[in-house]
Amino acid sequence: MLLIEFLNSLFEGEKIISDLFYKSIAYDGDQEDMRRVVFDLHCVGTDGEIFIIEMQQLFQEYFKYRAIYYT
């Protein structure tokens, strides 16, 4: 799959994706003031690790805080 090859080239060997799937998950947070979270790509590494890649089309002012929230 071209997307897997493209993503693997971005990781430059740091991670190697063997499979990926799209999963439509939206998480609105536990409280009203929490930001909405949408996970786009669920990736499976060659070692069985599952990790998430979220793609953004626009600049988001609070991306740093969102990334910390995800972890």
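Mentor: Two rings of Phe, Tyr or Trp pair if their centres lie within 6.5 Å. This is a predicted model, and a search of the whole structure finds 1 aromatic pair.

Trainee: Which residues form the aromatic pair, and why is it called edge-to-face?

Mentor: Phenylalanine 11 and phenylalanine 51 form it, with 6.0 Å centre to centre and 80 degrees between the planes. The cut-off for pairing is 6.5 Å, and planes over 60 degrees apart count as edge-to-face.

Trainee: What makes the pair a link between distant parts of the chain?

Mentor: Phenylalanine 11 is in helix 1, residues 2-11. Phenylalanine 51 is in strand 3, residues 50-53.

Trainee: Is phenylalanine 51 buried or exposed, and how do you know?

Mentor: Its relative accessibility is 11%. Buried means under 20%, so phenylalanine 51 counts as buried.

Trainee: And why is phenylalanine 11 called partly exposed?

Mentor: Its relative accessible area is 26%. That value falls between the 20% and 50% limits, so phenylalanine 11 is partly exposed.

Trainee: How do you know that the charged end of lysine 15 sits over the ring of phenylalanine 51?

Mentor: The charged end is 4.8 Å from the ring centre. The distance limit is 6 Å, with a second condition of within 35 degrees of the ring normal. The contact is listed as sitting over the ring, so it meets both.

Trainee: What makes glutamate 49 and lysine 15 a salt bridge?

Mentor: Their closest N and O atoms are 3.1 Å apart. The limit is 4 Å, so the pair qualifies. The structure holds 1 salt bridge.

Trainee: Why does this pair tie together separate parts of the sequence?

Mentor: Glutamate 49 lies in the loop between strand 2 (37-45) and strand 3, and lysine 15 in the loop between helix 1 and strand 1, so the tied parts are 34 residues apart in sequence.

Conventions
Residues numbered from 1 in each chain as written. Predicted model: local features only at pLDDT ≥ 70, side-chain atom pairs only at ≥ 80, totals over all residues. Heavy atoms only, no water. Phe/Tyr/Trp six-rings, centres within 6.5 Å; stacked < 30°, edge-to-face > 60°. Helix = DSSP H or I, 4+ residues; strand = E, 2+ residues; numbered from the N terminus. Buried < 20%, exposed > 50% of the residue type's maximum accessible area, 1.4 Å probe, protein only. Salt bridge = Lys/Arg side-chain N within 4 Å of Asp/Glu carboxyl O.
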